[in-house]
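Hi there,

Here is the structure I promised to pass along.

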Amino acid sequence: MSQQQISLPAKLINGGIAGIVGVTCVFPIDLAKTRLQNQRKGQQVYKSMMDCLVKTVRSEGYFGMYRGAAVNLTLVTPEKAIKLAANDFFRHHLAKEGKGLTVFKEMLAGCGAGMCQVIITTPMEMLKIQLQDAGRIAAQQQKPVMMSPTKLGTTNTLLSRSYNSGMVVSAPRAVSATQIAKELIHTQGIQGLYRGLGATLMRDVPFSIVYFPLFANLNRLGKPSADESSPFYWAFLSGCAAGSTAAVAVNPCDVVKTRLQSLNKVSTEETYNGVMDCISKIMRKEGPSAFLKGAGCRALVIAPLFGIAQVMYFVGVGEYILDNSPLSLLSA
């Protein structure tokens, strides 16, 4: 690898831009994924991804599909930058002079990247999920539900809101990510933002172990020769294929993470005391199929997200920006 190829500032810029572009394109599908994963058996508000999106637009307006997008766009830049740059960093240091990486070393590099990214991923997902799921909670509270007094539980006063009943579900009262973060830090300390850290590691480390080696090998198939890069469209398709495959493979972990990080629940919904308790309760009460909830949505989110990321790397946007920045021009 050349020095330019492992330029961390360029990799950070590429990853950041890719994250912003990708999230903007696929965020409504990600919102549908979160709401579908949080639905319990017998309490379905949405039948499918399209049904979720249609009902969201009807009740919350077009911008309701982008609830939580601000926090995601703010934090996805460092998150994607850390993930992609860390993988390149580990691959560079694991490679021997003039030799490629074995599959095991590629998986090891992916593992390191997945472990690094959770520093940003966990609080980002924690805040995003509260905002994304607010509409589902509002819709669920509209439905007449018979419950015994023993099932009634206390809920967080900041995150729980009352909604007017009627034929059309009213839009949930706006609560910002900043308010949620302040409340969590005030009541639980900084660890409040890292609720579900174990489940996030369970999802992101295997994802990176599957994604990065798979992408590298698929992308290698499109190279005209060993010394040339694959065409940009091949990099995009390789990123999409590897991303969607890894997303579906770790979807059970994503369901567990989403459930654990959802603070605001309808009073009849199950609460969980950790990863193993969550897994056992989902298995017992909803069956194995519950772990595949939102898998299609997640594949549709991740595929273009990583396809775009790899195109950004191929085009070399970060390298172009650094080469044409005022500081580089002055030093030339």
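This is a predicted model: local features need pLDDT of at least 70, side-chain atom pairs count only at pLDDT 80 or more; totals for chains, interfaces and linings use all residues.

**The core.** The largest nonpolar core is made up of 36 residues. Within it, Tyr46, Phe207, Tyr211, Ile302 and Phe306 have the most contacts. Seen by helix, at least two residues each come from α1 (8-38), α2 (49-60), α3 (69-94), α4 (103-132), α7 (197-221), α8 (232-249) and α11 (295-315). The largest share belongs to α11, which gives 9 residues.

Leaving aside residues up to four places away in sequence, Phe207 touches Lys83, Gly243, Ala246, Ala247, Val250, Arg298, Ile302 and Phe306. Two of these partners, Ile302 and Phe306, are also on the list of core residues with the most contacts.

**The aromatic rings.** The count of aromatic pairs comes to 10. One of them joins Phe27 and Tyr66: the ring centres are 6.0 Å apart and the planes meet at 15 degrees, and because planes under 30 degrees apart count as stacked, this pair is stacked. Phe27 sits in helix α1 while Tyr66 is in the loop between α2 and α3, so the pair ties together parts that lie 39 residues apart in sequence. Are the two partners buried or exposed? Phe27 counts as buried, at 2% relative accessibility, whereas Tyr66 is partly exposed, with a relative accessible area of 24%.

A second pair, Tyr211 and Phe212, is edge-to-face, with 5.0 Å from centre to centre and 75 degrees between the planes. Tyr211 and Phe212 are both buried. They also belong to a cluster linked by ring pairs, together with Phe207, Phe215 and Phe306.

**Where α1 meets α4.** Phe27 turns up again here. The axes of α1 and α4 are 10 Å apart and the helices pack at an angle of about 80 degrees. That angle falls within 65 to 115 degrees, so the two helices are roughly perpendicular to each other. Which residues in α1 and α4 meet? From α1 come Phe27, Asp30, Leu31, Thr34, Arg35 and Asn38, and from α4 come Lys128, Ile129 and Gln132. By type, the residues of this contact divide into 3 nonpolar, 3 polar and 3 charged.

Best wishes

Terms used
Residues are numbered from 1 along each chain as its sequence is written. Side-chain values use heavy atoms; hydrogens and water are left out. A nonpolar core is a set of buried Ala, Val, Leu, Ile, Met, Phe, Trp, Tyr and Cys residues joined through side-chain atoms within 4.5 Å. Buried means under 20% relative accessible area, exposed over 50%, partly exposed in between (1.4 Å probe, protein chains only). Helices (H or I, at least four residues) and strands (E, at least two) are DSSP runs, numbered from the N terminus. Contact means heavy atoms within 4.5 Å. Rings of Phe, Tyr and Trp (its six-membered ring) pair if their centres lie within 6.5 Å; planes under 30 degrees apart count as stacked, over 60 as edge-to-face and the rest as tilted. Axes are lines fitted to C-alpha atoms, for helices over the stretch in contact, and angles run from 0 to 180 degrees between N-to-C directions. Angles under 35 degrees count as roughly parallel, over 145 as roughly antiparallel, 65 to 115 as roughly perpendicular and the rest as oblique. Ala, Val, Leu, Ile, Met, Phe, Trp, Tyr, Cys and Pro count as nonpolar, Asp, Glu, Lys and Arg as charged, and the others, Gly among them, as polar.
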